Amino acid sequence: MLIYNAKQLLTLAGGPQRGKHLGELGLIPDGAVLVRDGLIKAVGTTPELLERYPHEKRFDAESRVVMPGFVDPHTHLIFIGNRAFEFEMRLEGRSYQEIMAAGGGILNTVRLTRDASLDELVNAARPRVQGMLQHGTTTAEAKTGYGLEESSELLQLQAILKLDEEGPLELVPTYLAAHAIPLEYKLNPQGYTDLLVEEMLPGVLLWWQRNVPQRPLPFVDVFCEVGAFSFEQSQQILRKAKELGFPLKIHADEFENLSGASLAARMGAVSADHLVKSSSADIQALGISDTVAVSLTPTPFGLGHTEYAPAKKILAANGLLAIASDLNPGTAWCESMQFVIALSCRYLKITVAQAIAAATINAAAAIGRADRIGSLEIGKQADILVLSVDDYRNLGYKFGGNQVWRVMKRGKWVVENQR
Ligand code: NIG
Ligand code: FE
């Protein structure tokens with residue numbers, strides 16, 4: 001299949017983009033891309049590729065933008081229920097942390113999610129997966145974290161694997177049993193941390209090796225925050241996870257600075273996410289590391305806060321910046337990376353080109369998949385969007401709707417939206 005006549009073909013070629021390089025779109029005017037066997041076989045201009053591949057089946061992009069599928073590197077996709085009542089409480093003046101300290105927040109979702117069956121988990125998440133795909137996300141990370149006990153955390157992991165097998169949206173799993181202190185351990189957070197380190201993490205490893213040995217290990221993530229896991233507890237969990245061979249992620253500096261981002265950089269975590277309260281030392285540490293700094297821009301927005309991740313400072317320190325939805329029932333129920341781009345341009349003060357790179361190639365790096373997805377380059381997976389617009393800048397400019405016309409996943413058209 002030859003996709004031709006792209007007014008702007010955004011290749012994002014050349015690998016993850018650090019610091020001042022963020023936003024190099026690799027734009028080819030009147031571009032074309034050749035897809036065979038689910039992979040990209042050639043990239044160039046329309047006249048070039050039409051001449052080289054005259055007998056290929058063709059798709060006319062009708063002078064629109066063609067670009068890589070969005071990668072959403074941080075979601076809490078697997079949950080039951082809805083916390084609209086907490087949204088209302090927050091609008092009336094209660095804070096997220098207050099609600100959390102009173103046993104609500106994440107624990108409210110745990111109450112609903114813990115006893116769900118595998119089918120219930122999968123059926124609840126499926127419409128969200130559909131929504132993401134229709135808005136152009138072709139790969140997403142997905143976390144457990146609403147079980148907080150061995151069996152239900154494992155079931156949530158299985159739900160992620162099952163949805164990934166169903167496709168076409170590709171899911172990359174993360175084990176987040178360290179998302180909150182479960183009610184049973186309210187007075188003994190260290191007890192839950194020890195359980196995680198001594199039993200739950202080795203348990204997941206064993207389960208993985210027995211059941212899906214062919215798949216790369218999931219990420220292990222920790223919510224390092226006052227009221228969740230302390231710096232020391234986060235360090236203890238991440239150390240154990242690393243020792244067992246798991247790649248690492250962290251929720252750091254969302255509400256208070258606990259130096260979680262520095263910890264992530266020091267431990268070689270693949271990403272550090274949130275970063276709203278990250279200090280200069282944290283930013284410097286990220287800047288000299290390969291840990292991707294992920295802004296979950298919809299989260300402060302969803303909470304009605306005015307402070308966002310210090311993206312410009314992260315870029316000035318030569319950091320790797322990505323953006324993600326943080327899709328979750330508490331702070332940010334957002335299925336659209338197009339909306340994440342629109343918010344990020346405004347609140348992180350980055351250009352549309354920078355936001356696009358942060359949502360594709362750098363987002364792929366944030367889940368350790370930049371070798372396969374996130375750009376249109378020979379040998380990469382054919383995860384491709386055709387937009388309904390002819391100028392990529394519309395992505396940040398217009399918001400609230402859907403500017404994706406068609407979605408291709410691994411070489412197959414999987415979405416055709418109205419234009
Ligand atoms: O990334 N901060 C921790 N976890 C989520 C919120 C989850 C929830 O409230 O259910 C986040 O914002
Ligand atoms: Fe999160």
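In the residue classes used here, Ala, Val, Leu, Ile, Met, Phe, Trp, Tyr, Cys and Pro count as nonpolar, Asp, Glu, Lys and Arg as charged, and the others, Gly among them, as polar. With that in hand, the lining of the largest cavity splits into 4 nonpolar, 6 polar and 3 charged residues. Bear in mind that this is a predicted model.

The structure holds 2 cavities of 30 Å³ or more. The largest has about 110 Å³ of space, and 13 residues line it, with H76, Y96, H179, N328 and T331 nearest its centre. This is also where ligand 1 sits.

What surrounds the ligand? There are 16 residues around ligand 1, and R83, Y96, Y146, E254 and D326 come nearest. By class, that shell has 4 nonpolar, 9 polar and 3 charged residues.

The table gives the distance for each one.

| Side chain | Ligand 1 atom | Distance |
|---|---|---|
| Y96 | oxygen | 2.5 Å |
| H179 | nitrogen | 2.8 Å |
| H76 | oxygen | 3.4 Å |

How much of ligand 1 does the protein bury? Taken alone, ligand 1 exposes 330 Å², and the protein buries 100% of that.

**The second largest cavity**

Sorted by class, that gives 3 nonpolar, 6 polar and 1 charged residues.

The largest pocket has about 280 Å³ of space. Its lining counts 16 residues, and F87, G330, T331, A332 and W333 lie nearest the centre. Two or more lining residues come from each of α2 (84-91) and α11 (298-303).

Of its 15 lining residues, M100, L107, I181, K186 and G227 are the closest to the centre. Here α3 (96-101) and α4 (106-113) are the elements that give two or more residues to the lining. By class, the lining of this second pocket comes to 10 nonpolar, 4 polar and 1 charged residues.

Key:
Residues are numbered from 1 along each chain as its sequence is written. Chains are lettered from A and ligands numbered from 1 in the order in which they are written. This is a predicted model: local features need pLDDT of at least 70, side-chain atom pairs count only at pLDDT 80 or more; totals for chains, interfaces and linings use all residues. Side-chain values use heavy atoms; hydrogens and water are left out. A residue is near a molecule or strand if one of its heavy atoms lies within 4 Å of it. A polar contact is a pair of N or O atoms within 3.5 Å; within protein, one must be able to donate a hydrogen and the other to accept it, and residues adjacent in sequence count only if both atoms are side-chain atoms. Accessible areas come from the Shrake-Rupley method with a 1.4 Å probe; for residues, only the protein chains shown count as cover. On a 1 Å grid over the protein atoms alone, a cavity is a set of points where a 1.4 Å probe fits but cannot get out, and a pocket is an open set with protein on both sides within 12 Å along at least five of seven lines; lining residues have an atom within 4 Å of a point. A molecule sits in a cavity or pocket if more than half of its atoms lie within 2 Å of its grid points. Grid points are joined across faces, edges and corners, and a volume is the space filled by probe spheres set on the points. Helices (H or I, at least four residues) and strands (E, at least two) are DSSP runs, numbered from the N terminus.
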